Amino acid sequence: MRVSSGLVGLRRALCAFVPLLLCSIVAFWPAASRADEKITYLFPAPPILPAFGPIQIAKGKGYFTQAGLDVSYAVGRGGVDVAKEVGAGNVPLGGIVADGPIVVRQNGVPVKIVALFGGKGFMQLVVRADSGIQKPADLKGKTITVMSYQDTTFYALLGLLASAGLTQNDVDIQAAGPVGVWQFVATGKSVGMAGVPDWIPPVEAAGVDVHVLPTDEFFPHMAQAVAASDQIIKTKPELVRNFVKAALHGMKDIMDDPDKAAADFVKFVPEWTGKENQVKEAFVYYDKLVYPGQKVLGAVDPERMAKLQDFYLAKGIIQKKTPVDELFTNQFVE
């Protein structure tokens, strides 16, 4: 009888212990078994550029992983190409200048801005200090470089010229690629560039003094942005929200401490090893010239977007307007 009681007691103990053991195993299981959602982010230019600091920092510091995303990269041929690829559903998300939907939606490309990296303009008019150029009107008859004719900074340049009563026929615009765009300025083959903060330090490192004319002084150009198709926004809103939250976290890191963010960036993008100061300088330019001016981090100002579209229409850069609420959504940043 004592043996039987012992067996009953053992059985009861095991019955009580096994569920607890299983609960303990399950509690530690998700981290090992969770499958992050794989997505491809399409850049308009090589992802090693400091312009893409928010994305690189978000990936390098694990913000995307924390959001359940496994992000890989691909490279398009400028912002307009990225907008078309995103709109066609070939990739879920991509990087463009926020002007992009104004240009492509009139042609039936269903793409919207879902996050904006700053309240000011991305493209800066960067000219050699020895060129004597003080304002956009001074560019008449001069050679100026852009990355490509498919990049949205090219359209921003057209807008900048139009603000001074000029067209692309009044200047010699050379598409020189992501390296040539600044090398032409450094070597004197062009007087300036429709540039971004990344391309200013290499020119200065070559011993050339430059003068930066912020586009905000002449027309309401916009910053870099994350674009998504209407279909992705409708069918995968959580994917978009998680990506945007992580990317804006990376941007905030740069705003909070550009020097530290630059050091992190170089760790994640080792191609910049030995050129840390150039990355720091670029991040300082972004913090000063591009990122400020948002009431809500990542949000698009509808009045600014509407004003910019009116400007593009008036200058003949677009042929028809798109309803402003079809150009962007702030639902993922609010």
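Trainee: What sits over the ring of Y73?
Mentor: The charged end of K59, 4.4 Å from the ring centre. A charge sits over a ring if NZ of Lys or CZ of Arg is within 6 Å of the ring centre and within 35 degrees of the ring normal.
Trainee: And which ring face does K189 lie over?
Mentor: That of F184, with 5.3 Å to the ring centre. Bear in mind this is a predicted model, where local features need pLDDT of at least 70, side-chain atom pairs count only at pLDDT 80 or more, and totals for chains, interfaces and linings use all residues. Side-chain values use heavy atoms, without hydrogens and water, and residues are numbered from 1 along each chain as its sequence is written.
Trainee: OK, ring pairs now. How many aromatic pairs are there?
Mentor: The count is 10. Rings of Phe, Tyr and Trp (its six-membered ring) pair if their centres lie within 6.5 Å; planes under 30 degrees apart are stacked, over 60 edge-to-face, the rest tilted.
Trainee: Why is the pair of F122 and Y286 stacked?
Mentor: Because their planes are at 25°, with the centres 6.3 Å apart.
Trainee: Are those two buried or exposed?
Mentor: F122 and Y286 are both buried, meaning under 20% relative accessible area (1.4 Å probe, protein chains only).
Trainee: What about F265 and F283?
Mentor: They pair edge-to-face, 5.6 Å centre to centre with 75° between the planes. F265 is buried at 0% relative accessible area, and F283 also counts as buried, at 0%.
Trainee: Which residues do ring pairs link into a cluster?
Mentor: Y41, F43, F52, F64, Y73 and F243.

How values were computed: Buried < 20%, exposed > 50% of the residue type's maximum accessible area, 1.4 Å probe, protein only.
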